[in-house]
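Subject: Structure handover

Dear colleague,

I am passing this structure on to you, and the notes that follow set out what was found in it. Please keep it open beside you as you read.

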Amino acid sequence: KALVVLQSYQDFLEKHPFLIPRQFVQHHGIHLKLVLSKVSFGSDWKCDFLYLSKSSRDWHCVLVEIEKPWSRYFKDGSNELHRDFTSANDQIMRWRSWFAQDGNRLGFLTSLRFVQSDSWASNPTYFKYVLVHGRSAEHEHDPGRRQRLSAYERDDFKIVSYDSLLSGTNQSTDLYVGVKKNDHVKIVSTRFVDEAIFSWIAPQRLRITQALQSDILRNRGKWFHRTTEEGYEYVLDHRLSEVPVEPEGR
C-alpha cells in the first residue's frame, strides 16, 4: 500500500515536472531540460528522479529521493529524530557509499555518456543528493529542530520539505521526463518543452510518443536550432522524422 501511495506522488511530479526540486543546478540549468525517472543502480536501488547540470568546468549528477508528504522528521514533543527520517537519511548515505567506489561511479557514468555527450563527458562529474521529505511545519518555527536537521546536510546533500516544492515555481522551467533504457531514453512527456535534446542526442538514442511528436510540430514557431548559421532549415526539420515513435507509457 505504501508503495502504491508513493507511486501516486511520483506520477504527479512526472505530470508536473516544474515542481521537481532544483538543488545543485548550475548556471547552464538542467541539461537538455531532461529529468530521468526511476533510474536504477547497484543491485536493487532506484532514485526517483535524476538530472544532470553542467558548468563550464564540471557536471552535477543529482539524485532525488521522494518520501511521503506525511513522513515524520521528529518524534512527538521532542527533538529526537523519527525513524521515517533516519531510514531515509540512511538510504542516501548508502547511495553515497556506493558511488564513492570508482568502479561503480565510472560504470554508471558510462551508461549516461550518450546523454552527456563525449565532448563534455570528460569533465568531472560530482554526485549530489536531494531528499524530499515531510512537511516544514515540523521544524520551521523551532530553531532547535532546524539546527538538528541542518547538521545532516552536506555540500552534496540537501533536505527539502514538500512545501518548498511550490516556493520556486515562478522561476522553474518545465522539463521533459524520460525513462532511461539500455541504449536510449524514452521521453514520456507529451508536451513540447525545448528542442535542444533533439540536437544534442542522436535520434536513434531517443524515443517519443505520437502525442509529443504532434505537439513539437504544433510549436514549430518556437524552434531556433538551425542546420547552419546562414541556413533557413531547422535541425528538427530533419531530426524529428528520424526519432522512433512508440506508444504512450514506459
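In this predicted model, the side chains of D237 and R220 meet in a salt bridge, with 3.0 Å from N to O. D237 belongs to helix α9 (residues 235-239) whereas R220 sits in the loop between α8 (210-218) and α9, so the pair ties together parts that are 17 residues apart in sequence. D237 is partly exposed at 33% relative accessibility, and R220 is partly exposed too, with a relative accessible area of 36%.

Another salt bridge joins R191 to D174 at 2.9 Å, N to O. Because R191 lies in the loop between β7 (185-187) and α7 (196-200), and D174 in the loop between β5 (157-160) and β6 (176-180), this pair ties together parts 17 residues apart in sequence.

Within helix α2, R94 forms a salt bridge with D90, their closest N and O atoms being 3.1 Å apart; the two are four residues apart in that helix, which means that about one helical turn separates them. The 17 residues of α2 (residues 83-99) should span 24 Å at 1.5 Å a residue, and this agrees with the 24 Å between its end C-alpha atoms. Buried residues of α2 include F85, I92 and W95.

In total, 14 salt bridges are counted, and R72, D76 and E138 are linked in a network of them.

Finally, a search of the whole structure finds one cavity of 30 Å³ or more, and the largest cavity has a volume of about 50 Å³. Its lining divides into seven nonpolar residues, one polar and no charged, and β2 gives the most to that lining, with three residues.

With best wishes

How values were computed:
Residues numbered from 1 in each chain as written. Predicted model: local features only at pLDDT ≥ 70, side-chain atom pairs only at ≥ 80, totals over all residues. Heavy atoms only, no water. 1 Å grid on protein atoms, 1.4 Å probe; cavity = no way out; pocket = protein on both sides within 12 Å on 5 of 7 lines; lining within 4 Å. Points joined across faces, edges and corners; volume = space filled by probe spheres on them. Nonpolar A, V, L, I, M, F, W, Y, C, P; charged D, E, K, R; others polar. Expected span 1.5 Å × (residues − 1). Buried < 20%, exposed > 50% of the residue type's maximum accessible area, 1.4 Å probe, protein only. Salt bridge = Lys/Arg side-chain N within 4 Å of Asp/Glu carboxyl O.
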